[in-house]
Amino acid sequence: MAVVLLGLSVSACGYNNIPTLEEQAKAKWADVQNNYQRRADLIPNLVATVQGYAKQEKDVLTSVVEARAKATQVKIDASQLTDPDKLKQFQDAQNQLSGALGRLLAVSENYPDLKSNQNFLALQSQLEGTENRIAVARRDYIEAVRVYNTELRTFPGVLWASTFFRANKPMAEFTATEGAQTPPQVKF
């Protein structure tokens, strides 16, 4: 009976909040990684489809392949989420890939046959959907990190953080890339 009462009193006092919120943030990070991996898996198919139509755009295709290779080499696991430099390195590699993909999709404007190719359209749709999933996963991760970091700094979490969870550090958040506030120019 005493064990049950002790368990109820500890669970009601917020002791479990920090580990619970940390695990939720790590799960959200895993979702971010999953969506980036999905994008990386789609790229070879998209590049192969475009290569069949746009052989003269070899530089663009090469930059996509190189950016994909770099983005898949930069790894960050849940234990490194408290290192803002590691997260920035990961984010920079993914942003480089996003830019290369944007140039690749712009190539399609020059090739009417490519735009009407069903394989290209399907892959482009999948890639657009993946980019949306990445945005949602990043938003969810940012929110989970905000809640976790807030728990470490507010009462009663700050008491638990300073006693039993001293090793727990605030997690790094995504930051907007340079120039993200500038709207893209659309020219017809």
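Predicted model: local features only at pLDDT ≥ 70, side-chain atom pairs only at ≥ 80, totals over all residues.
**Exercise 1.** Describe the secondary structure of the protein chain.

*Solution.* Step 1: Count the elements. There are seven helices and zero strands.
Step 1: Read along the sequence. The pattern is α-α-α-α-α-α-α.
Step 2: Turn to burial. Of the 188 residues in the protein chain, 34% are buried.

**Exercise 2.** How many aromatic pairs are there? Classify the pair Y15 and W160.

*Solution.* Step 1: The count is seven aromatic pairs.
Step 1: The ring centres of Y15 and W160 are 4.9 Å apart, and their planes stand at 80°. Planes over 60 degrees apart count as edge-to-face, so this pair of Y15 and W160 is edge-to-face.
Step 2: Y15 is in the loop between α1 (2-12) and α2 (17-53), and W160 is in helix α7, so the pair ties together parts 145 residues apart in sequence.

**Exercise 3.** Is Y15 buried or partly exposed? Then examine its pair with F165.

*Solution.* Step 1: Y15 has a relative accessible area of 27%, so Y15 is partly exposed.
Step 1: Y15 and F165 form a tilted pair, 5.2 Å centre to centre with 40° between the planes.
Step 2: F165 lies in the segment after α7, so its pair with Y15 ties together parts 150 residues apart in sequence.
Step 3: F165 counts as buried at 12% relative accessibility.
Step 4: Name the cluster. Y15, W160, F164 and F165 form one aromatic cluster.

Conventions: Residues numbered from 1 in each chain as written. Heavy atoms only, no water. Helix = DSSP H or I, 4+ residues; strand = E, 2+ residues; numbered from the N terminus. Buried < 20%, exposed > 50% of the residue type's maximum accessible area, 1.4 Å probe, protein only. Phe/Tyr/Trp six-rings, centres within 6.5 Å; stacked < 30°, edge-to-face > 60°.
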